[in-house]
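Here is a short briefing on one protein model. Look at the structure first, then read on.

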Amino acid sequence: MLRHADYTQQRIRQLIERLESRIYPQRQPVEQLTVAGPMGRINYAEAQMLPDFKAAKAGDQYGPVWATFWFRASTTVPKEWAGKRVDFLWDTQSEATLWRDGESVQGLNMTHGDRPDAILFRKAKGGEAVSLQIEMACNNKFGVSESSGVAHGPALLSPYYLRRCEIAIFDQAAWDLYFDAKTLFDLYTELERDGDVSEKSLAGLLLSELNRFCNVVNVQDAATWPVAREILTALYKNKNGTRQFELSAIGHAHIDTAWLWPLAETHRKCERSFSTAVAYMEEYPEYRFACSQAYQYEVIKQRNPHLYERIKKAVKSGQWVIVGGTWIEPDCNIPSGEALCRQFLFGQRYFQKEFGVTCREFWNPDVFGYNGQLPQLMRLAGMTRFLTQKLSWNRFNRPQHHTFTWQGIDGSEVLAHFPPADTYNAFMNQRDYTHMRWVRDNAKLFKDHDRSNHGMMLYGFGDGGGGPTKPMFETLRRVKDLQGVPRTEQRTSDEFFTLLEANITDRPLQIGELYFEFHRGTYTSQGLVKRNNRKAEILLHDLEFLGTANRSTIEYPKAEIDDLWKTLLLNQFHDILPGSSIGEVYSDSAKQFEELFAKGEKLLAVNAKGGKQLVNTTGFDRKEVAEDGTSLAMIQAKPYAAATSVKADDAVTIETPGGAYVLTNKHLIVTIAKNGVVTSLIHRASGRESLDGEANVFEMYDDKPTVHDAWDVDPFHIETRRVLPGATEAKVKLKGALRAELEFIYAFGKSKMTLVIRLDAASPRIEFHCDVDWQEREQMLKVAHAVNARALNATYEMQFGVVERPTHYNNSFDLAKYEVPYHKWFDLSEYGFGCAVLSESKYGGSTFGNVMRLSLLRGPMSPDPECDRGQHTFAYALMPHAGGWREAGVTGEAYRFNYPLRHGGYASTESFAAIEDANVVLDTIKPAEEGAATVYRAYEAHGARGTARMKLAKPASHAVLCNILEEEGEALKIDNGQVVFDYTPYQIISIKVT
């Protein structure tokens, strides 16, 4: 026999398949089945009011895609089935929820054959009447296609039809024998695949004994099974050695809050996945299930209160593990620093209130890069641990470690762990990946065996939810301590990290951003949601300050503002804000933002009390041209104070020598050709020419990624650069002493653009305001500025700080950063001089050599074939400066460019609050979550240390440092009513004042 291993393997495999067929030895269709639909998504109560049900049978097809059908099934358990376990079997190759007695029992899904069954009676009496309802969705876990590369929409034919609706006897002995044999055979297969010489003896033993098992067992004769099982039981006595890789397994059902399906379908995905999780916990008491995203819990609380109570009980029992501590799993490139603070604030406070749990780990496994302030934000949110795996997707440089210390730009440190299987969906069916291969991969791929022997495995169907299945639990039960497999135990996240902290030695150190070498298109795709995000962040910032300043006369609308924050935080989910979802998601998002802006502006109007007073809502002094009613005026304002009109000490002029336009104020002389290209930008104070070539040069690139359309901008796109034709029309739009504007009209491809170039009196920046009717597909629009500065690194603003990135491609790490994220500005400076690019709604760009580029628009075809098609409005500016970006005040100028003066009802021209230190930015003023105190959030922006003073309109009597959860810490010194505090480089400082 052993000399014919192929025959033997085929024999074993086929016998195992026959054993599987014995798990349900008797089945019968339900006696009555009716259906109503198609319809939209309705809840269970609404489904009970449906008037028209018709007969349904196996073979019936259901559609169109995204439609919903409600089935009613009734039958009687045969009396001869008394004493047997009876299950319900369902198959429509789609997602479904089983309802019984008004409660969601579990999800049903046969997309991968993963969840076709549900227990009806653990021990039937025989003769029981069964009444069930099935909510069928005409989509699967990944929307309406297995691939994100296929167009989504109702035009697709529905592949969903009723294959099975039955009740069946479940044979526990057949189930146990099947998994005993399958697990061992999978182990043999993996040992042979890997060719591990040290395990040759075990592989030989497995093949020999499994062949003997085939000789003994008769699949059709259960009387032979006990003796046959003894052969398998003996094989399970082959235990691991003293030193072995220790694997902590935790169930996971990563549910993208929106992606290839809309939010409304996510709500049902949560219902299906969560119902299944709590149902399986009864059958598998060792099961531990990790679940993040407070938003999804709130959905279930409102939608399915009974399920929510079951979850609460599971949390108390320790089986359901709350992780993450954020409202959703947010993108970490684009949200502002304050928005990320609110992700933690809303998430942690929700879990504390609802479950008495404070998460100790930031759980964000599927996000497209991690900014260098996250370790500090985690620490300030009560977290010391971080879990992701996304960087395993890096295309240039894979991570060197799975476990390490991650240090932020301020020096804060957290323990980071990347699950060594390089996935958050282990065990999910993937070609020839068996459960055994997934488990063994953890040890094979782990990069830190010299420092630790502990790793975590997140297992279960994910992205579209679903979570672990019964076969997964059965595998884990059998590999707890089996030779050839990591020693495996189901543990909570806290249990794993506690073991890891005690186990790891000589921790590697990673400092700064964890740049993701993939999905660079997500900084630009779906431009509207990104613009809405920036504008909403600013609106809420201003609304909170003005509401705080006026709360002595107007009640602060906390509940309303909290709701607006929740809308914003929801739209910062890592497949919404990056632009990687289907079109319906962005239709929903646009409506949500429209409502947010309407409600926010209404609340601002209440604060303004009908007044026309302009207010500076930033922490920077301002003296600039502003629109005051229907006219322009030069205004001046202190930080967080009302503005006053002042006499202008400068005037802007327009001249047209040689057919070009020359705009001049006291800071700049700007020469612009009739085609819209800036040919000269003189910084008058230094006399320096800011350009080495031309600026405001529009470029088009072929944008056809090899995979992941909306996500990726591949490196070869750089080779396809084409300079677009210049403007076809040019004219002076406005010629005044305070403001000059030139208008240019462009046409390229099927698209049109109107560009207004603006220079204001006394302004250090030249502005470019664009209105584009974008119709291009698989093209990328950029604007390039060749500046007269040389440096090895450019500086990019990020959340509460900056990051430097190379301007060259010396090595693979440099080359990988050919497209990078930023926030309101990026800068290229040599000693003594530089130039900054400011942006009010764009997030992607690059600097190579001396050319600084903003990425403006893309036209990917998938998953939304209409991505970005239509009207876009955006603006950017150039700010040449003497000295470096710190000395020039680039951060402050970017705030001024982004934050409009508001009609706010705060009448005092003295600052409500101001920090008299150029290194420290007072970013946020808000009421404390509880009590009458006010919270002031600042950050050190320049990488400096020192002592600062915060002056308040009402002198402080008491002040303490607090974290972003507003938990109080060290008391601060009050000197003549001013708050005195020390700061260190890039420190985030939250001060609670009463």
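Strand S33 (residues 697-702) and S39 run antiparallel and are joined by six bridges. The model is predicted: local features need pLDDT of at least 70, side-chain atom pairs count only at pLDDT 80 or more, and totals for chains, interfaces and linings use all residues. Residues are numbered from 1 along each chain as its sequence is written, and side-chain values use heavy atoms, with hydrogens and water left out.

- Helices (H or I, at least four residues) and strands (E, at least two) are DSSP runs, numbered from the N terminus.
- Two strands pair if DSSP finds at least two bridges between them.
- Strands of a sheet pair through backbone hydrogen bonds, either parallel or antiparallel.
- Across from Val783 in S39 stands Phe698.
- S39 also pairs with strand S46 (residues 851-858), in the antiparallel sense, over seven bridges.
- There, Ala786 has Val851 of S46 as its bridge partner.
- Is strand S39 (residues 779-786) mostly covered or mostly open? Strand S39 is mostly covered, with eight of its eight residues buried.
- Buried means under 20% relative accessible area, exposed over 50%, and partly exposed in between (1.4 Å probe, protein chains only).
- In a regular strand the side chains alternate between the two faces of the sheet.
- Gln779, Leu781, Val783 and His785 point one way from S39. Met780, Lys782, Ala784 and Ala786 point the other way, and all are buried.

- Strand S17 (residues 385-387) runs parallel to strand S19 (residues 413-417), and three bridges join them.
- Leu387 has His417 in S19 as its bridge partner.
- Another open sheet has four strands, ordered S1-S12-S6-S9, with antiparallel pairing.
- Here strand S1 (27-29) and strand S9 (117-121) are the edge strands, each pairing on one side only.
- The twist of this sheet averages 30° from one strand to the next.
- Four bridges link strand S6 (residues 85-91) with S9 in the antiparallel sense.
- Val86 has Phe121 in S9 as its bridge partner.

- Two packed helices are described by the angle between their axes and the distance between the axes.
- Axes are lines fitted to C-alpha atoms, for helices over the stretch in contact, and angles run from 0 to 180 degrees between N-to-C directions.
- The axes of helix H8 (residues 305-317) and H9 cross at roughly 90° and come within 11 Å.
- H8 and H9 are therefore roughly perpendicular. Angles under 35 degrees count as roughly parallel, over 145 as roughly antiparallel, 65 to 115 as roughly perpendicular and the rest as oblique.
- Tyr308, Ile311, Lys312 and Val315 of H8 make the contact with Tyr350, Glu354 and Phe355 of H9. Contact means heavy atoms within 4.5 Å.
- The axes of H9 and helix H15 (residues 558-570) come within 10 Å and cross at roughly 105°.
- That makes H9 and H15 roughly perpendicular.
- From H9, Glu338, Ala339, Arg342, Gln343 and Phe346 meet Asp562, Trp565, Lys566 and Leu569 of H15.

**Two buried residues**

- Where does Arg342 lie? Arg342 lies in helix H9 (residues 337-355).
- Arg342 counts as buried because its relative accessibility is 1%.
- The side chains of Arg342 and Glu544 are joined by a polar contact of 2.7 Å. A polar contact is a pair of N or O atoms within 3.5 Å; within protein, one must be able to donate a hydrogen and the other to accept it, and residues adjacent in sequence count only if both atoms are side-chain atoms.
- Beyond its neighbours within four places in sequence, Arg342 has contacts that include Trp565, Leu569 and Lys926.
- His541 lies in helix H14 (residues 527-549).
- His541 is buried, at a relative accessible area of 7%.
- The His541 side chain reaches the backbone oxygen of Asp923 at 2.6 Å.
- Not counting residues up to four places away in sequence, His541 touches Thr617, Tyr640, Tyr899, Asp923 and Thr924.
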